[in-house]
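Let's walk through this fold one piece at a time, beginning with the sheet and ending with the rings. Keep the viewer open as you read.

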Amino acid sequence: MSDPRERCKAQLFRRLRGQKTAPETMRRFLGSLETWNQGPGSQNWPRVARVATGDWRWLVQLAEKEKEWGFWSREFGSLLYTADGLVATMAALREARRASRAPERDTEQSTEQQQRAVASLTSYLRATWTLLALSAQPTPKTTTFFNLRGKVEVGKGDRRFYRGPSLALAGNRNHASNVGQDILGALLGWSLNWPGRLYRRPIVDGMTPGEVNGYTWPLKIVEELLGQPYGAEAPPEPFGLSAVDREHLIAHVQDGDRAADLLEDISPWPIYPGDGSVTFTIRRTTEGTQSWLSRTFNPNKPGFPVATLTPAGSYTALQPNRWRRESSPPATVEERDGVLLASAEGSTLRQPLLGGEELYRIEWGKRPRRVLPRPSRDTSVTPT
């Protein structure tokens, strides 16, 4: 088992199941808060490895550090890797809650420190579900269009095996195989107890048989945490939510009318590198949801700097970069005359801005801000 993700998640499964773990096999994947934000390496391994070795407090420190570095750091928006760290954070929250309920068993921290740890992880998880909800449409993907440097690959989406919300989430470190179901939509659906949710692919520890990049193990981790199969009724607390949080997020995914209220949940964090030089924009209209990054910032695998999803489930992802696992130069996105221009390595891809009535537009750099819908251009005067 050579893949680091496989090694780390296998040990996390063992820990959750009360089996003996082998911490020495994960030592090289633990990461360090001093070097975490340096270099292009994977940032999902340490989150999983730390919880698997029992060091859930490291994720508390990381959540605070990212208030300087950037939310989800260099893997922001990754359809392929965010799920790994997300379920590891849920596992850390469970451990933090257990410690706060039995402080006599944990002498490393005071009761107040333990309660702050719970609050920090809860806030981080709530911010993550908020980001996903702001990028969502209440539909599975019915058709996918992956535009790789002008070559369009068309897929069938995931409606054949999934019912629930899906995402138009632009980001870093992605892969062509993720233009179908990216697991994050399924996790969001479960966190919200989405009506009618289901997932028909086998949910297993490793790879789903017969599927390209068909890993479903993040869903399996949540099954272990909840002690229930996917889709079962679940309380909001294991996801870091309250009943009110869940109600607001469901309403927003369905109608797109809670953006102003939800900004508070993501406001403590900037976008990497934390200095406001990169902007992540989410725009939702009556014709769908669209998001884009002004610049991708992780050279380990190219990103999808523009993503679009319509209410009918038609999904489009743009990748102007050539495919490579390392040394992928940044892609940039410019908004010009109603068109998004995604450029990298001499290639420019175009995606029209969605039409229809604008419901919200959020521009997130050093801090997120809501840009109100532009007024109508109709300047005619109604006779009196």
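**A tour from the sheet outwards**

Eight strands make up an open sheet of mixed pairing, in the order β3-β2-β10-β9-β8-β7-β14-β15. Before going further: this is a predicted model, where local features need pLDDT of at least 70 and side-chain atom pairs count only at pLDDT 80 or more, while totals for chains, interfaces and linings use all residues. Residues are numbered from 1 along each chain as its sequence is written, and side-chain values use heavy atoms, with hydrogens and water left out. As for the labels, helices (H or I, at least four residues) and strands (E, at least two) are DSSP runs numbered from the N terminus, and two strands pair if DSSP finds at least two bridges between them.

At the β15 end, β14 and β15 run antiparallel and are joined by four bridges. Arg-361 stands opposite Val-371 in β15.

α8 (residues 243-255) touches β7 (280-285) and β14, contact meaning heavy atoms within 4.5 Å. The direction of α8 makes about 70 degrees with that of β7; axes are lines fitted to C-alpha atoms, for helices over the stretch in contact, and angles run from 0 to 180 degrees between N-to-C directions. Helix α9 (residues 259-266) lies across β14 and β15, running at about 170 degrees to β15.

Now for a helix pair. The axes of α6 (residues 184-191) and α7 (residues 217-226) come within 10 Å and cross at roughly 25 degrees. The two are therefore roughly parallel to each other (that label covers angles under 35 degrees). From α6, Ala-186, Leu-187 and Trp-190 meet Pro-218, Leu-219, Val-222, Glu-223 and Leu-226 in α7.

Eight of the nine residues of α2 are buried, meaning under 20% relative accessible area with a 1.4 Å probe, protein chains only. Among them are Arg-47 and Arg-50. After α2 comes Gly-54, with a positive phi near 90 degrees.

Next, find the hairpin of β12 and β13, with two residues between the strands. Glu-345 in the turn has a positive phi of about 50 degrees. Six bridges join β12 (residues 339-344) to β13 (residues 347-352), running antiparallel, and Ala-344 has Ser-347 as its bridge partner. The covered face of β13 holds Ser-347, Leu-349 and Gln-351, whereas Thr-348, Arg-350 and Pro-352 form the uncovered one.

Finally, the rings. There are 19 aromatic pairs, counted when ring centres of Phe, Tyr and Trp (its six-membered ring) lie within 6.5 Å. Phe-76 and Trp-364 are edge-to-face, 5.8 Å centre to centre with 90 degrees between the planes; that label needs planes over 60 degrees apart. This pair links distant parts of the chain, 288 residues apart: Phe-76 is in the loop between α3 (57-69) and α4 (82-101), and Trp-364 is in β14 (residues 358-364). Phe-76 has a relative accessible area of 0%, and Trp-364 has 0% as well. Both belong to a cluster linked by ring pairs, together with Phe-71, Trp-72, Tyr-124, Trp-269 and Phe-280.

Conventions
Phe/Tyr/Trp six-rings, centres within 6.5 Å; stacked < 30°, edge-to-face > 60°. Buried < 20%, exposed > 50% of the residue type's maximum accessible area, 1.4 Å probe, protein only. Parallel < 35°, antiparallel > 145°, perpendicular 65-115°, else oblique.
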